[in-house]
Amino acid sequence: MKVLQLAGYKKSGKTALAQAIVARAVKRGKSCAVIKNIHGELGLTGKDDGERFLVAGAREAILFRNGLTDTLTMTEGLMDLIRKALGRYDLLIVEGFKESGLPRIWCGEKENPDEEKGVLLACFSLNPDKREPKKGEKCLKGLGEETLAAVDRLIESLPPFPAGLDCGLCGSDCLDFYCRGIGKKGRVCPVQEKEKSVTVTVNAKELTLMPFVQSLFRETVKGFLKELKGYEEGTLEITIHHQTKEDKK
Ligand code: SF4
C-alpha cells in the first residue's frame, strides 16, 4: 500500500485533489481509502447516536443509512488508522494531519509552515496564478490531465508502507522508516522481508498481506489440507478459478 498525504489549510483544494486522485485510481482497478482530519466537527458530545455509544464505552458505532454506513471508531491516532488500512488498499490518501511527517503534496496558495516535516513531493494549487513556486519546488496547477499524470508518477515512486508493527527492528518506527525510504529503491521493512511465506495473487496481481494475515492463511490452509490423503510438507500452491458472470455467459 502506498500512502500519500495531502496537506494544506482549509479550502486549499485538498479534498478536490483527493477526489480526483481516487476517481482516477479506481478507474484503473486500484482500491483506495482516504483518512481525513476534520477539525472541530466531530467530538464526543454525547448528543449524536453514534457518539452516545462511544461515550458508553463501545469501541465502534456503525450507523446504517440508505445502504451507506457511517462508522465512528475509537482510535489511537494516525498510525492506528494507517495500520487498519494496511493489506486492504493499494492507495491510502491522508488528508490533513499536516503535523505528521508523511510524504506530502502541499496544497493551496499559502506557504507550507512545516517545511522541515515530511518529504515535500510537490505543491498544488487549484488556482495556478496565485502562488509562485519556490526554487526547486515541483508545482502542480489545476486539476487537469498534466497534474493528475504527475501525481500518478509521484504515487508510483513511493515505497510500499511497512508492516505497521512499530516494532523497532529497523531501528526506528514505521512512519520514519517509510519517510526515509522515499526515493530509495529496494528498501524493505525487515518484518515484511522476513514474513513472505504466503503469497496470494488475483488475476496475476499480488495482494498485500500483513504478516499476521499470512500466518493466519498458512495455518488455516495447512490445518485443513493435512487431514487429506496424500498431503505432505512442502510448498503448497492452490489455484482457484472463480468464474465471473461474464465467463458463464
Ligand atoms: S521493522 Fe518494519 S514494522 Fe518494525 S518498526 Fe521498522 S518499519 Fe515498522
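Among contacts in the protein chain between residues at least 6 apart in sequence, 52% join residues at least 24 apart, a contact being a pair of C-beta atoms, placed from the backbone, within 7 Å. The model is a predicted one, in which local features need pLDDT of at least 70 and side-chain atom pairs count only at pLDDT 80 or more, while totals for chains, interfaces and linings use all residues. Residue numbers start from 1 along each chain as its sequence is written.

**Whole chain**

Select the protein chain and colour it by secondary structure: eight helices and 10 strands are present. Helices (H or I, at least four residues) and strands (E, at least two) are DSSP runs, numbered from the N terminus. Of the 249 residues, 22% count as buried; a residue is buried if 20 or more other C-beta atoms lie within 10 Å of its own, exposed if 12 or fewer, and partly exposed in between.

Next, select the six strands that form an open sheet in the order 2-5-1-6-7-8, with parallel pairing. Strand 2 (32-36) and strand 8 are its edge strands, each pairing on one side only. Neighbouring strands are turned by 25 degrees against each other on average, direction ignored. Such angles lie between axes, which are lines fitted to C-alpha atoms (for helices over the stretch in contact), and run from 0 to 180 degrees between N-to-C directions.

Focus on strand 6 (residues 104-107) and strand 7 (residues 120-125), which pair in the parallel sense over four bridges; two strands pair if DSSP finds at least two bridges between them. C107 has F124 of strand 7 as its bridge partner.

Now display helix 1 (residues 14-27). This helix lies across strand 1 (2-8), strand 2, strand 5 (91-95), strand 6 and strand 7, and runs at about 175 degrees to strand 5.

The largest nonpolar core is the next selection: it has 34 residues, and M1, V3, L6, L92, I93 and C107 have the most contacts inside it. A nonpolar core is a set of buried Ala, Val, Leu, Ile, Met, Phe, Trp, Tyr and Cys residues joined through C-beta atoms within 7 Å. Among the elements that each supply at least two residues of this core are strand 1, helix 1, helix 4 (145-157) and helix 5. Centre the view on C107: leaving aside neighbours within four places in sequence, C107 is in contact with L6, A7, G8, S12, G13, K14, L17 and F124.

**The ligand**

Turn to the ligand and select the 15 residues around it, of which P162, L169, C170, C174 and C189 come nearest; a residue is near a molecule if its C-beta atom, placed from the backbone, lies within 6 Å of it. Helix 5 (174-180) and helix 6 (190-194) each supply at least two residues of this shell. The shell divides into 11 nonpolar, two polar and two charged residues.

**Two partly exposed residues**

Select K84 in helix 3. K84 counts as partly exposed because it has 15 C-beta neighbours inside 10 Å. The C-alpha atoms of K84 and G164, 80 residues apart along the chain, are separated by 9.2 Å.

Finally, select V213 in helix 7 (residues 211-225). With 17 C-beta neighbours inside 10 Å, V213 also counts as partly exposed. Its C-alpha atom is separated by 9.0 Å from that of V198, 15 residues apart along the chain.

Methods: Ala, Val, Leu, Ile, Met, Phe, Trp, Tyr, Cys and Pro count as nonpolar, Asp, Glu, Lys and Arg as charged, and the others, Gly among them, as polar. Two residues are in contact if their C-beta atoms, placed from the backbone, lie within 7 Å.
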